[in-house]
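Reader: I'm new to reading structures like this one. Could you walk me through a few spots?

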Amino acid sequence: HDCVARAQRAGASGALFIVPGPSSFAVELILRHLPPGIGIEDPSGQEQAAAEGRPPMLGQGRPGEDKIIQMDFVIALCRNEEALTAGAWVEVNPNTSARRALLGDTASSVRIAGLQALAAISECNDERLVKALCEMVVDDDPHVRSIVTVSFQDRSLVMGGNPEAINGLAAQTLHPTPAVREAAMLALYRVADCTVETCDPRGIINSPVAIEALEARLTDPDGVVKKMAVDGLIHLAMSDGVIDEDDLPIIDTFVYSLDDQDPLVVSACAKALAFLSGEVDVKIVSAFSHMVDGRLDVRQGSARSLGLCRKGNVTALVALRRLLTDKDGAVRAEAATSLSQVSLGGDSQTLILITGLFLDPEAGPKIAALGCLTKVVGMTTGDMDALRGAIVGAVALLEDAGSAVRNHVSQAMAGVVEGSASDQVKEIVREAVFTMISSPLARARKEAMHALTMILEEGHSKIIEGVTSCFLDDSIEVQKYAFHIFGHHIKAHKAKGIALPANVKPSVLKCTTHEDPLVTSVSLEAIEAVCEQGDDEAVMACVHCLRDGSASVCETACRVVAHTAVRGDSRAVAAVTPLLISPMGYVRLAAITSLEKIGTIGDAKLLQAVMLRLSDKEVFVRREAVVGIQALAERGDPTAVGALVLGLEDADERIRGACIDGLALIGAKGDNVAIWALTNRFNTEARNLRRSAIKALGELVESNDPEAIESLLYALEDSDEGVKQAGVAAITHAVEKGDDFTIRRILATRCMSDDRKVRAVALQAVEAIALPGDHRVIEGMLVSIRDKGHPQLRKAGVETLMRFAAKKDPEVIKGLGDLLSESDADVRNAAVEGLLLCADKNSHAVMHSIASHLQSVEGNARTSALAALSKLCDPGDTSILQIFSKLLTHKESYVREAAVQAMRTVSKKCTCKIVETGCTCLGVRTLIPVMADASADVRKVVIEALVKLGNRADKRLLECARLALKDSSMPVRQAGEAGLRTFH
C-alpha cells in the first residue's frame with residue numbers, strides 16, 4: 001500500500017516493488033493486499049508474456065477471482081536484490097493494451113474502480129481519460145455518472161474548455177434517457193466553466209458548442225432537463241463573476257427563448273434574466289417576464305421599466321434590443337428611449353439597431369431612435385463606420401413624410417454635435433446635412449436648412465452658402481424659408497468679416513422680380529443686408545417694386561428703400577410719394593416712414609403731401625404724419641407749425657401729444673402762435689399732455705417775454721403734482737439764473753397763494769432760479785416758515801433758507817428761534833439745524849434762544865436742542881449751566897431730566913482740590929441735591945452724570961452711590977453700582 005500511494009502521489013504511471021530473494025509467499029502476500037484493479041507483473045517473465053501477447057502478470061488484487069484483466073496501473077516485482085536495495089521504487093510504463101475489460105465490467109464497483117485507477121495514472125487532459133469519461137457518462141449506474149461529472153470538474157484531470165470533452169458531452173446531451181441527458185449537461189457546463197487563466201489553450205470561454213447544446217435542451221420534454229439547461233447557462237454566464245460582453249450569447253439565448261411555447265421555459269428564462277441583471281427593484285425584475293406579454297401596455301411598461309436599470313447593464317441592453325423588434329411601434333419607441341438611458345457607450349450593435357429603426361414604418365420609433373442616437377453618439381465609440389451609417393440614416397429622415405420626424409432630426413443632430421467631443425463626428429453631421437440641401441424633395445431641403453442652423457454657430461459660412469443655393473429654388477416655401485434664415489444669420493456673418501459668396505447679391509436681386517409677392521417681399525428685406533446704402537442696383541430694384549408691386553410688396557419696398565437710398569434720392573422719393581394716397585393704410589404709413597429718411601428737408605411740395613395725411617382716416621397714419629412733419633420741416637417753418645397747431649384739435653390723444661412734441665422741435669423761440677396754442681391746452685388736456693405742453697413751452701418761451709413767462713407760471717397752480725414739477729423744470733430751462741421779473745412774480749403771487757401746495761412748488765421754483773443770498777427769497781422762506789397749518793411747508797422753507805441765508809443774519813436767527821416752540825418735531829429739528837448753520841460758536845444770543853425752549857421740547861427735538869447747545873457753547877460755560885440749573889426744579893420730570901442731560905453735556909469734569917465740604921464745581925454741586933428727585937428717571941441720569949463729572953476723592957459722591965443702591969428703582973440701583981465701582 002505504501003508503494004502504491006507513493007507512486008500515485010508522485011504522478012507515476014507504475015511502480016517497482018523489490019522483494020529480497022525469490023519468494024512466492026511474498027507475491028501472494030502482496031496480491032492479498034492490493035486494491036482492486038492493480039496487478040503485479042514479473043520482469044523475469046517478459047519473454048514468455050511477450051510471446052503470449054500479454055503483460056508478464058503474476059496476478060491481481062482480490063485473489064480468488066478467476067479472471068485476467070487489463071491493468072492500467074501495475075507493480076513490477078524484482079527479485080534481483082543485488083541490483084536494487086530493499087524498499088526502492090522506480091516508475092515503469094503503464095499498460096497500453098487495447099483491452100478495457102475493467103471499465104466494461106458488469107459490476108458497477110469494478111467500473112468505478114477502473115475509473116479511479118484510470119484517473120490516478122492519467123496526466124491532465126489525457127485523451128484516453130477524456131474519451132473514457134465521455135463514454136461512461138451514459139452509464140446505467142447513477143453513482144458512476146456522478147463520479148464522471150465530478151471528474152470533469154477536477155481541473156487536474158480535465159482542463160476547463162477542453163474541446164474534446166465539450167464535443168463528446170454535447171453529443172451525449174441527445175441521449176434518449178433523461179437522467180443521462182441531465183448528467184451529460186451537468187458534466188458539460190462543469191467542463192465548459194472556465195476563465196482566461198483556467199481555459200484549455202485549445203478551447204474558448206463560453207464555448208458556443210456548449211451553449212448550443214444547453215440551449216437545445218431548453219425545449220427538452222423533461223422538466224428537470226430544462227431546469228438543468230437554464231442552470232447550466234446561468235452557471236456559464238457567472239463563471240467569471242461578472243456579466244459582460246462575453247456573456248452576450250447566453251443572455252441572447254434566454255431573451256429569444258422567451259418566445260417558446262412552453263410557459264415553463266419562458267418563466268425559467270425570465271427568472272434567469274432577472275438574476276443575471278443583478279437588479280433588485282421589483283418593477284425591473286418583473287419587466288423581464290412581461291417582455292412577451294400579449295398586452296401592448298404591459299410590454300410598453302416592461303420596456304420603460306428596463307430603462308431604469310443601471311447604466312451598462314448587459315442583460316438589460318440585450319432585452320431592450322429584443323424589444324426593438326417588437327410588433328408594436330409604441331413598444332419599439334419605448335425600448336429605444338430606454339436603450340439611450342442604459343447604454344454606456346456607442347457600441348456598434350446598438351448603433352446598428354438604432355439605424356434599423358430609422359426605416360421603421362411608424363413615426364414613434366423613428367423619433368425615439370433619434371433621441372437615442374443623440375445620447376449614444378456622445379459616448380465613446382471606435383466604430384466610425386457604424387457611427388457614420390447611423391448619422392447618415394438619421395439625416396435621411398429629413399425626407400420623411402412626417403413633419404414631427406423631420407423636426408426631431410434637426411434637434412437630434414444638434415444634440416449629436418453638442419454632445420460629441422470628436423471633430424470627425426461633427427464633420428460627418430455637417431456633411432450629411434449639407435448634402436440634404438440638394439435633396440429632390442422640397443420638404444427635405446427646407447428642413448436641411450433648419451438643421452444647418454441647429455448644428456452650426458450663428459452666421460456660419462456654410463449656412464449662408466446653403467441658403468443661398470435655395471434662393472432660386474423651385475419651391476416657393478423653400479425660397480421664403482431660405483430668405484428667412486438668411487435674414488437671421490447675415491448680420492453675424494458680416495460681423496465676422498467674411499466675404500459673402502459671389503452669387504448672393506445677383507440671386508437676391510433676381511428674386512425681387514419673382515411672381516409671388518411673398519418671395520419678392522423676403523428678397524427685398526435681404527437687399528439691405530447684401531447691398532450698401534446708395535447701391536444703384538438695389539435702389540432700382542426697390543423702385544421697380546414700388547411701381548409695379550402689390551400692397552405688401554410696396555410696404556416692404558418702402559421700408560427697404562429707406563435704408564438703401566440716400567437722403568434726397570429723387571428716384572426713390574418720386575416712387576414713394578404716390579403711395580401716400582394708397583388705399584391701404586399700412587402702405588401710407590410705410591411711405592411716410594420712408595420719406596422721413598430719404599426726403600429732402602425743407603421740400604415744400606413733399607412737406608405739403610405729408611401734411612395732408614394729418615386728416616387721414618387711420619389714426620396710426622395721422623400719428624406718423626406728425627413725426628414726418630417734424631423730420632422734414634425746418635425749424636420755424638410757419639406752415640408746419642400751423643399744421644401741428646391744427647393737429648392739437650385731433651380726437652386722438654396720442655396725436656395731440658405728438659403735435660405738442662413736434663411744436664417743441666420745430667417751433668421757433670418766441671413763436672406766439674405755438675405758445676398761445678400750447679397755453680390753451682392747460683385747461684383741456686389730460687395731465688400727461690399738460691406736462692408735455694409745459695415742457696414744450698419751456699423750449700419756446702423767451703426770458704424777456706413777460707406774457708410768455710406768465711403762461712409758464714400757470715403750471716405752478718395745476719392740480720397735478722407732476723405738472724407742477726414740469727412747470728418748475730420749464731421755468732428753470734426758460735429763464736436765466738437770478739431773473740428779477742420771474743422771481744418777483746413768483747414771490748408776489750404763487751408764494752402768497754392760499755393753496756399750500758402751490759406755495760410749496762413756488763418755493764422750489766424760486767430756489768431753482770434765485771441766486772444765493774437773495775433777500776427776497778429769504779423773506780419768502782420766512783413767510784413759509786411761519787405758516788401755522790403746514791408743517792411740511794415750514795420744514796421745506798427752513799431747508800431752502802439754509803441754502804440762501806448768510807451766516808449771522810439776525811432776521812434768520814430770530815425766525816429760526818421762533819420755530820423752536822413749534823409743536824411739530826420735524827420743524828423744531830430743522831430749526832435747530834438751521835441755527836447751527838447760521839450762528840457762530842459761543843453765540844450767546846442763539847444759545848439762550850435754544851436753552852429757553854428746553855421746557856417745551858420733547859423727544860428728538862430735545863435731543864437736537866441739547867446737541868446744538870453742546871456744539872455752540874464752550875465746555876463749562878456757567879451762564880448756560882445756570883439756565884440748566886433753573887430747570888432742575890421744573891414741574892415736569894422730562895424737563896428736569898433734559899436739564900440734567902444738558903448739564904452733563906456742558907459741564908467739565910471736576911479737577912478741584914477736594915476739601916471736607918466737597919468740590920466747588922457748579923455742575924457737581926448743583927446735581928448732588930437732585931438725587932432726592934421724585935422721578936426715578938431723573939435720579940438715574942443724575943447718578944450717571946455724577947459718575948462722568950465727579951472726582952473720586954469727593955466723599956459726597958460715594959454717599960450718593962450708596963444711596964442709589966438702596967433706591968426702589970432697578971435702573972437707579974444699577975447706576976449706583978456703576979458709581980460705587982467708580983468712587984470706592
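This is a predicted model: local features need pLDDT of at least 70, side-chain atom pairs count only at pLDDT 80 or more; totals for chains, interfaces and linings use all residues.

Reader: Why is α34 described as largely enclosed by the rest of the structure?

Author: Buried means under 20% relative accessible area, exposed over 50%, and partly exposed in between (1.4 Å probe, protein chains only). Among the buried ones in α34 are I655, G657, C659 and L663. The helix counts as largely enclosed because the buried residues number 10 of the 14.

Reader: Which residue caps the N-terminal end of α34?

Author: Look for a side-chain oxygen 3.0 Å from the backbone nitrogen of R654. That oxygen belongs to D652.

Reader: How many residues does the largest nonpolar core have?

Author: A nonpolar core is a set of buried Ala, Val, Leu, Ile, Met, Phe, Trp, Tyr and Cys residues joined through side-chain atoms within 4.5 Å. In soluble globular proteins, nonpolar side chains tend to be buried together. F486 and I629 are among the residues with the most contacts inside the largest core here, and its residue count is 222.

Reader: What is the angle between the planes of F471 and F483?

Author: Rings of Phe, Tyr and Trp (its six-membered ring) pair if their centres lie within 6.5 Å; planes under 30 degrees apart count as stacked, over 60 as edge-to-face and the rest as tilted. The F471 and F483 rings sit 4.1 Å centre to centre and are stacked, with a plane angle of 0°.

Reader: Which kind of pair do F471 and F486 make?

Author: F471 is buried at 0% relative accessibility, and F486 is buried at 1%. Their ring centres are 5.3 Å apart and their planes are at 80°, so the pair is edge-to-face.

Reader: Which ring does the charged end of K446 sit over?

Author: A charge sits over a ring if NZ of Lys or CZ of Arg is within 6 Å of the ring centre and within 35 degrees of the ring normal. The charged end of K446 is 5.4 Å from the centre of its ring, which belongs to Y481.

Methods:
Residues are numbered from 1 along each chain as its sequence is written. Side-chain values use heavy atoms; hydrogens and water are left out. Helices (H or I, at least four residues) and strands (E, at least two) are DSSP runs, numbered from the N terminus. A polar contact is a pair of N or O atoms within 3.5 Å; within protein, one must be able to donate a hydrogen and the other to accept it, and residues adjacent in sequence count only if both atoms are side-chain atoms.
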